[in-house]
Amino acid sequence: SNLFLDKMLLKISSVFLALLLWIAINGEPQSETRFKVRLQYLNLPSQIELVDSPTNSVDVQLRASSSILRRLNSSEISAAINLATARVGKGVYSITPSNIEVPFGVRVTNVTPSAVQLNLQSTVSKKIKVHPRIIGMVTDGYQLESVALDPDQVVMEGPGASVTAVTQVFTDNIDLTGRSTSFAMRVPLVVDGGVVRFPNGRWVDVKVVIRLLDTQLDQQEVIP
């Protein structure tokens, strides 16, 4: 039928044009160049963490016609390792030309490094008590009576080794220097070492009560 012939002609024309384009590209003198490309880690399974600051870029050697290379931009090149089937533990993952995406007419001839070692750990969480970090002294004649935190315990999560290593969580500095009245403030949490997250938020509310010393007149409480 005419419809069948039209489709066949369209397919033949497409193949012919592609062949002409291939001849035009490959008929030009070939050159090589190198690009530094950001290495992405894709499809990491849930509840698995990538730790130890893995390699974040690769050097890619490319071959193409001179005219293509003159127009080529690093934004047109991408490098990625698919971690969809990765398992917990240390392992070596190859980086080959198949991990690099380039425009039509460009060929990847070399990738450096050709492999990376990754450390994958299970995500764990735990509840931990928050400690106020007090600095400075109240004004002479006054005393610090109490410091209340809300919440006083938080949930922390991250790579297993990092979470295990954290035994205490503190607030940022609560400075009492020159204070003579009670006050409230909102402060962030601080972790000494370890790459961890706080899924319910990294801030706590602090209420500090400051009173006159017992030796002062009527032991009068200072009201905020």
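This is a predicted model: local features need pLDDT of at least 70, side-chain atom pairs count only at pLDDT 80 or more; totals for chains, interfaces and linings use all residues.
User: With which residues is Val116 in contact, leaving aside its neighbours within four places in sequence?

Analyst: Val116 touches Leu39, Tyr41, Thr55, Ile81, Gly91, Val92, Tyr93 and Ile95. Val116 is also one of the residues with the most contacts inside the largest nonpolar core, a group that includes Leu39, Ile81 and Tyr93.

User: How many residues has the largest nonpolar core, and which elements give two or more residues to this core?

Analyst: That core has 26 residues. The elements giving two or more are E1, strand E3 (57-65), helix H2 (66-71), strand E4 (78-82), E7 and E8. There is also a second, separate core of 21 residues, and among its members are Met156, Val166, Phe183 and Leu189.

User: Phe183 has an aromatic ring. What sits over the ring of Phe183?

Analyst: The charged end of Arg179 does, at 3.7 Å from the ring centre. In another such case, the charged end of Arg133 lies over the ring of Phe170, 4.5 Å from its centre.

User: How is a pair of aromatic rings described, and how many aromatic pairs does a search of the whole structure find?

Analyst: In general, two quantities describe a pair of aromatic rings: the distance of the centres and the angle of the planes. Here the search of the whole structure returns 0 aromatic pairs.

User: Now the backbone. What should I expect of phi and of peptide bonds?

Analyst: Most residues other than glycine have a negative phi, and most peptide bonds are trans.

User: Which peptide bonds are cis here, and where are the prolines placed?

Analyst: Pro113 is in the loop between strand E7 (107-112) and strand E8 (115-135). Another cis bond joins Asp150 and Pro151, where omega is about 0°. Pro151 is in the loop between strand E9 (142-150) and strand E10 (153-159).

User: What is the phi of Asn43 and of Gln47, and where do they lie?

Analyst: Phi is positive at Asn43, near 60°, and positive at Gln47, near 70°. Asn43 is in the loop between strand E1 (30-42) and strand E2 (48-51), and Gln47 lies in the loop between E1 and E2.

User: Is Asn43 buried or exposed, and is Gln47 buried or exposed?

Analyst: The cut-off for exposed is over 50% relative accessible area. Asn43 counts as exposed because its relative accessibility is 52%. Gln47 is exposed as well, with a relative accessible area of 53%.

Key. Residues are numbered from 1 along each chain as its sequence is written. Side-chain values use heavy atoms; hydrogens and water are left out. Helices (H or I, at least four residues) and strands (E, at least two) are DSSP runs, numbered from the N terminus. Buried means under 20% relative accessible area, exposed over 50%, partly exposed in between (1.4 Å probe, protein chains only). Rings of Phe, Tyr and Trp (its six-membered ring) pair if their centres lie within 6.5 Å; planes under 30 degrees apart count as stacked, over 60 as edge-to-face and the rest as tilted. A charge sits over a ring if NZ of Lys or CZ of Arg is within 6 Å of the ring centre and within 35 degrees of the ring normal. A nonpolar core is a set of buried Ala, Val, Leu, Ile, Met, Phe, Trp, Tyr and Cys residues joined through side-chain atoms within 4.5 Å. Contact means heavy atoms within 4.5 Å.
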